[in-house]
Amino acid sequence: MTTGQLPLSQQVRTLPIRVAPLPGEAMDSWLETLAARSHTTWGDLLIAVGLKGPGHGRSLLRYPVIDSTSSAIVSIATATGVPAQAIKAMALDAVVPEAGVPVVGPRALLLPGSRFCPACLNQNGGRWLLWWKLRYAFACPTHRCLLADLCPRCGGALREHSLSTKAIPVPGHCVSVGGRSRRCGADLSDAPALELPAHHPALAAQDAILRAVHAGTVSDGIYHAGPVPTAQYLRDLMAVGTRAVRYGSKNDLLSAASYVGDGDDTVEDLDGLARANRPSYYNHFPTSVVTTAVAACAAVPVLSATSAAAAGDRLRWLVASARHRGFAVSATNIGWGGRISTALTGAQLSALTPFLGQVDQIRYRCLTDHPRRPIQDEPVVSRSLPAMLWFHWMLPVCDTSVGFEQVRMALSVAVVLADGRLTVAQACSSLGRATASTSVSRVLGELSARPDWAATAVMLATLADYLTQHPSPIDYVRRRHLDTQDLLPQSEWLRMCRNLGMLPGNQVKIRLVRCWLYERLTGSPGRRCGHGRTTGEFRAKLADLPRTLNPELVSALDDAGRRFLDDNGLADEPLRWSPPKDAAPNWLSRKPLNEAIDIDKLHELVLPRDSYLGTIATHLGTSIELIREALNDAPAPRPTLTIAQRRATGAVIADARVQLTPELLADLYLRQRLTLRAIGETVGVSKQTVGHLAREYDIPLRPSAAPSHRHTIGTDE
Ligand SMILES: [Zn+2]
Ligand SMILES: [Zn+2]
């Protein structure tokens with residue numbers, strides 16, 4: 001094996017002179033210094049450290065080592081005696097540590113060459129820092145001056161081209177090639193640099209950027225909920241900054257910069273410098289150091305805002321200026337390319353809020369901490385939502401001047417909208433078309449006029465997220481499609497009334513009860529039940545039904561509902577469900593039921609059989625709809641009836657039935673041969689009632705027994 005076939009790192013020899021890199025120094029600067037101290041040409045030095053040989057040369061671009069995982073690191077370390085770790089820190093990608101980021105090219109986060117601080121070069125003997133290659137490098141925090149980006153003598157950009165391989169480098173001097181192939185050679189430590197006052201916004205902006213560069217990630221400002229790599233931060237910075245200088249007026253830029261830096265210093269001097277000779281300076285010199293500094297002063301405050309709302313406030317002028325320029329800016333067309341972070345997209349959406357309608361404000365979650373575009377691969381929440389939002393969840397906005405049912409239906413549609421992907425019409429459709437787009441828009445208009453609209457919008461988004469992550473145990477889509485033909489059969493209703501000692505009423509009554517039960521089971525309006533009638537009279541009676549409920553009846557109806565669900569194969573689903581309080585923290589506590597209405601007083605007022613819900617509502621100073629829902633939720637206890645009333649409604653026989661089971665009555669009457677009167681006295685009823693029960697149980701009465709009146713089925717209450 002000849003030496004020519006050895007790996008490069010094994011061909012390299014240790015150099016006689018050692019030069020330690022400065023903290024943060026660029027690799028080309030360090031190697032250049034090494035060559036100068038060794039009185040070696042640039043070409044010979046590259047060969048000595050293993051950077052020029054078979055396989056090297058043209059692939060070097062303009063920087064010695066681009067990739068910190070490069071095998072060249074080892075040979076350089078061997079030749080120079082500097083630890084590989086220190087050399088890796090000088091690789092080009094070390095300044096923006098994110099794999100796969102293009103470090104050169106039109107979207108590059110780095111400059112093709114480098115800017116510089118003349119005072120730094122003067123102090124350190126012409127050594128260049130790696131971060132000066134950042135596109136967003138513009139101010140020296142040590143010397144409080146703007147960086148220089150051009151050679152004061154030849155006007156060329158610095159370090160965009162490789163050094164001459166035949167010359168011994170002179171650190172800190174311009175290597176641009178002028179006319180007749182002569183190198184410029186200007187001493188750059190003499191270059192003029194604009195001094196900045198101590199609290200100038202540009203220094204504060206540069207400080208924020210350098211902190212991000214050194215940390216490798218950014219986790220404060222708009223990124224507090226999701227840290228991003230520094231490269232992403234810089235892309236966001238560029239997205240805002242380039243647009244700010246392109247579209248901002250002088251006043252726009254001054255007020256944008258007022259968020260960074262202290263005191264009265266502004267970017268006025270920089271802006272004045274930029275516009276002095278050429279009004280469209282920023283467009284003509286988009287990558288100049290002055291343009292970059294002004295752009296950063298406008299962009300850093302947006303990214304460092306502590307919430308999406310605050311960032312949106314700071315960004316709004318830019319969105320507004322786009323509208324001013326005739327662009328119809330909407331939530332769907334504000335894209336600044338797919339390369340900005342979701343956090344910055346959130347800030348953009350927040351900035352747009354005043355220009356969007358309520359539907360888009362909900363859909364893009366503009367009023368939440370995390371405005372966002374819809375996430376496509378999540379299931380739609382309609383499955384977990386009743387057509388009318390759970391009663392308790394609408395209480396905080398129950399004093400909206402729109403009907404309860406309309407508000408509840410619109411809120412359910414709005415939760416689907418917060419999911420982000422459906423139109424209003426599609427959302428209505430996904431909830432069984434209980435309501436329509438026009439009605440939803442009207443309700444949302446009313447809700448958005450309330451001072452608590454932001455809280456409502458946050459609840460909608462939070463609830464949508466909760467239901468996506470914790471789907472309801474009830475599949476409401478299936479519930480909405482249940483065939484209600486067999487809901488509460490007549491025989492079951494009659495048995496229920498007999499057991500409860502209630503009058504079953506006529507055919508209208510049972511239809512009303514079925515509609516009520518349908519609403520309770522499906523969350524859709526009761527009038528949509530197949531047993532409903534479309535007449536005004538029927539609707540009025542349905543609205544009045546809650547007045548006639550009592551806890552025992554509701555419990556019995558719930559049992560009937562349970563059997564109906566079981567018969568439909570839904571034994572696994574609960575009868576009813578609503579999300580827990582913490583599904584949207586602080587929402588339900590805004591107005592619990594006992595604050596919305598005095599339940600004890602309501603129960604007292606509803607007891608007289610001839611009471612009217614409208615009168616009670618007026619008395620309690622609340623809406624009739626709230627009273628209805630409150631009674632559905634907490635029905636009034638049964639009134640104490642007179643003996644005559646108890647007999648008429650069957651309450652007496654119902655009580656006796658509970659105490660005298662068929663077995664007990666047969667035992668007392670047939671085996672012990674007690675009289676009907678004697679048996680009646682043991683449970684406090686008449687002998688007629690006992691006789692009635694005996695006939696019901698098919699117990700043959702002895703001839704001496706007195707006849708009993710027949711219980712008749714009464715009419716509707
Ligand atoms: Zn400096
Ligand atoms: Zn020059």
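## Zinc sites, a pocket and a few residues: worked exercises

Along the chain, the donor residues of the zinc ion (ligand 2) follow the spacing C-x2-C-x19-C-x9-C. The structure above is a predicted model, in which local features need pLDDT of at least 70 and side-chain atom pairs count only at pLDDT 80 or more, while totals for chains, interfaces and linings use all residues. Residues are numbered from 1 along each chain as its sequence is written, chains are lettered from A and ligands numbered from 1 in the order in which they are written, and side-chain values use heavy atoms, leaving out hydrogens and water.

### Exercise 1

Find the atoms that coordinate the zinc ion (ligand 2) and name the arrangement they make.

*Step 1.* Start with the donors, which are N, O and S atoms within 2.8 Å of the metal (3.2 Å for Na, K and Ca); water is not among the atoms, so sites may look incomplete. Here the SG atoms of Cys151, Cys154, Cys174 and Cys184 coordinate the zinc ion (ligand 2) at 2.2 to 2.3 Å.

*Step 2.* Cys151 and Cys174 both lie in the loop between β2 (145-146) and α7 (201-215), so the pair ties together parts that are 23 residues apart in sequence. Helices (H or I, at least four residues) and strands (E, at least two) are DSSP runs, numbered from the N terminus.

*Step 3.* Now the angles. The 4 donor atoms subtend 105 to 114 degrees, which makes the arrangement tetrahedral. Four donors count as tetrahedral if all angles lie between 85 and 135 degrees; four count as square planar and six as octahedral if opposite donors are over 155 degrees apart and all others between 65 and 115, and anything else is irregular.

*Step 4.* Check the burial of the pair. Cys151 is buried because its relative accessible area is 3%, and Cys174 is buried, with a value of 3%. Buried means under 20% relative accessible area, exposed over 50%, and partly exposed in between (1.4 Å probe, protein chains only).

### Exercise 2

*Step 1.* Cys117, in the loop between α5 (84-88) and α6 (118-124), and Cys140, in strand β1 (residues 139-140), link distant parts of the chain, 23 residues apart.

*Step 2.* Cys117 counts as buried because its relative accessibility is 0%; Cys140 counts as buried at 2%.

### Exercise 3

Which elements and domains line the largest pocket?

*Step 1.* On a 1 Å grid over the protein atoms alone, a cavity is a set of points where a 1.4 Å probe fits but cannot get out, and a pocket is an open set with protein on both sides within 12 Å along at least five of seven lines; lining residues have an atom within 4 Å of a point. Grid points are joined across faces, edges and corners, and a volume is the space filled by probe spheres set on the points. The largest pocket has a volume of about 870 Å³.

*Step 2.* Its lining holds 34 residues, of which Met388, Arg408, Glu519, Glu629 and Asn632 lie nearest its centre. Two or more lining residues come from each of α16 (391-394), α17 (404-419), α21 (476-480), α23 (507-522), α24 (536-544) and α29 (624-633). The most come from α23, with 6 residues.

*Step 3.* Domain 3 (381-474) and domain 4 (484-633) each give at least three residues to the lining, with domain bounds taken from an automatic or database domain assignment.

*Step 4.* By class, the lining has 16 nonpolar, 6 polar and 12 charged residues. Ala, Val, Leu, Ile, Met, Phe, Trp, Tyr, Cys and Pro count as nonpolar, Asp, Glu, Lys and Arg as charged, and the others, Gly among them, as polar.

### Exercise 4

Where do Arg159 and Leu488 lie, and are they buried or exposed?

*Step 1.* Most residues other than glycine have a negative phi. Arg159, not a glycine, has a positive phi of about 60 degrees, and Leu488, likewise not a glycine, has one of about 45 degrees.

*Step 2.* Arg159 sits in the loop between β2 and α7, and Leu488 in the loop between α21 and α22 (490-500).

*Step 3.* Arg159 is buried, with a relative accessible area of 10%, and Leu488 counts as buried at 1%.
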